[in-house]
Amino acid sequence: FTKYLHGESTGDISDQQQKWDKKKVNKAVEQCTVDSSANKRYAAYKLVNYLGHHFTAPELQSETVKLLITGCNDKDAGIVRSNLNSLATFDAKIFTAEMKYILSEMAKKPHTHYQMVIKICGWLQTTDLIYNFRQMIADQKINIRDRWTMRVAMARMGEADMIDYILQKVKGSKVNDDIVYEIIPDLVYTRQKALFDYMLECIESDEKNCGASNPDSHVKVVCGYRIMEMIAPYIENFPVKIKASGDIDTKDYDKALLDVRNWIKQNRETYGIKKEGF
């Protein structure tokens, strides 16, 4: 814990921890999450996240996830953001009814990093929130971005009218850098075929409305390059793979785009979407 706090390598200690009494390790880390120092709490929760991904016993995994959820009420916004991002890396099956209830209560009123709370509830299929989200959208007592995120979360939960609403909104917008970086991630999150069909259409477009990857270049390129990177991990048997950096694993982007377009023509009606994961 001290090494982690000071930014030092913890690899050797982490390996040793796997041989210790895991319940004792978990209890010791839990005590660190209530320290008066935000830096210490942050380090503790990062360690909680690490342990959660390395514990094999379901009850211990569950305990770590519950700790992270508790930490989503921390007074430090950075800790809340980190914990929410950590929660999204676990298997949805780990979340118990009690955990989903706690998160759903957070989603009923504006909260630190509120949009991520909403999206986590949508990913976990917390359908009890649909009524609340619809009511909050109708009342317009929350900002437009929060209302949009609620629609996106309900689309993830399969609400047909929300899928249609989102599709009409994006179809009425010109695809450019703003759409690619602000809206496309939301469409990917929904895992809904109608919205993936739209993204595949964008990949097929020859309109040059997006900036090049080279920040010194002012030349506009087709937006399909970036979109195919963003959707590749979520489509079954997609013809390109993604490196750990998030870039397409290719030395020839033009050929990769051509291969993807050919694949779309052949698989438009039959491709599958990977539903697991946040």
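The following legends describe close-up views of a predicted model.

Local features are reported at pLDDT of at least 70 and side-chain atom pairs only at pLDDT 80 or more, whereas totals for chains, interfaces and linings use all residues. Residues are numbered from 1 along each chain as its sequence is written, and side-chain values use heavy atoms, with hydrogens and water left out.

**View A. Helices α12 and α14 cross at roughly 35°.** The axes of α12 (residues 177-190) and α14 (residues 224-231) come within 10 Å. Helices are DSSP runs of H or I with at least four residues, strands are runs of E with at least two, and both are numbered from the N terminus. Axes are lines fitted to C-alpha atoms, for helices over the stretch in contact, and angles run from 0 to 180 degrees between N-to-C directions. The crossing is right-handed, that is, the near helix is turned clockwise from the far one by less than a right angle. Val180, Tyr181, Ile184, Pro185 and Val188 of α12 meet Arg226, Ile227, Met230 and Ile231 of α14, contact being heavy atoms within 4.5 Å. These residues comprise eight nonpolar, no polar and one charged. Nonpolar covers Ala, Val, Leu, Ile, Met, Phe, Trp, Tyr, Cys and Pro; charged covers Asp, Glu, Lys and Arg; the others, Gly among them, are polar.

**View B. Asp186 is a buried residue of helix α12.** Its relative accessibility is 3%; buried means under 20% relative accessible area, exposed over 50%, and partly exposed in between (1.4 Å probe, protein chains only). Leaving aside residues up to four places away in sequence, Asp186 touches Lys119, Arg145, Trp148 and Val152. The C-alpha atom of Asp186 is separated by 22 Å from that of Glu105, 81 residues apart along the chain.

**View C. Cys210 and Cys223 form a disulfide.** The sulfur atoms of Cys210 and Cys223 are 2.0 Å apart. The torsion about their S-S bond is about 95°, so the disulfide is right-handed. Because Cys210 lies in strand β1 (residues 208-211) and Cys223 in the loop between β2 (220-222) and α14, the pair ties together parts that are 13 residues apart in sequence. Both Cys210 and Cys223 are buried.

**View D. Cys32 and Cys72 are too far from other cysteine sulfurs for a bond.** For Cys32, the closest cysteine sulfur is that of Cys72, at 18 Å. Cys32 is partly exposed, with a relative accessible area of 23%. The closest cysteine sulfur to that of Cys72 belongs to Cys121, at 10 Å. Cys72 counts as buried, at 1% relative accessibility.

Methods
A disulfide is a pair of cysteine sulfur atoms within 2.5 Å.
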